[in-house]
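Try each task before reading its solution.

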Amino acid sequence: DTSVNGVEIKANDILCLLDGEIVCAEGSLDGAVLKLVEKMYHDEASLLTLYYGNEITEESANAMAEAIENAYSDLDIEVYQGGQPLYYYLISLE
């Protein structure tokens with residue numbers, strides 16, 4: 001357990017990076033993604049693109065996109081298989 005940039009991190013937490021900085025740490029992947037989107041979101045955003053990695057199934061990625069859409073109904077959401085080996089998701093918000 002530690003603290004980085006004011007973010008409390010516990011063993012096995014999922015870390016969220018925004019512009020190279022740890023901005024949140026959550027106990028579940030879904031919780032981490034939703035918290036990261038919350039930190040990224042701004043009023044001018046209209047499109048969120050979710051690239052899922054090798055460890056994520058298409059079904060799981062689509063369920064994650066649906067959860068984001070439920071929280072942010074004003075966003076259009078696209079889901080793509082990114083194939084990244086290290087990160088569960090890469091997220092772009094425009």
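Helices (H or I, at least four residues) and strands (E, at least two) are DSSP runs, numbered from the N terminus. This is a predicted model, in which local features need pLDDT of at least 70, side-chain atom pairs count only at pLDDT 80 or more, and totals for chains, interfaces and linings use all residues. Residues are numbered from 1 along each chain as its sequence is written, and side-chain values use heavy atoms, with hydrogens and water left out.

**Exercise 1.** Work out how many helices and strands the protein chain has, and in which order the elements run.

*Solution.* Start with the count: two helices and seven strands. Then read from the N terminus, which gives β-β-β-β-α-β-α-β-β.

**Exercise 2.** Find how Y41 and Y72 are arranged as an aromatic pair.

*Solution.* First, the rule: rings of Phe, Tyr and Trp (its six-membered ring) pair if their centres lie within 6.5 Å, and planes under 30 degrees apart count as stacked, over 60 as edge-to-face and the rest as tilted. By this rule there are two aromatic pairs. One of them, Y41 with Y72, has 4.8 Å centre to centre and 35 degrees between the planes, so the pair is tilted.

**Exercise 3.** Decide whether Y41 and Y72 are buried or exposed.

*Solution.* Buried means under 20% relative accessible area, exposed over 50%, partly exposed in between (1.4 Å probe, protein chains only). Y41 has 23%, so Y41 is partly exposed; Y72 has 14%, so Y72 is buried. Over the whole protein chain, 31% of the 94 residues count as buried.
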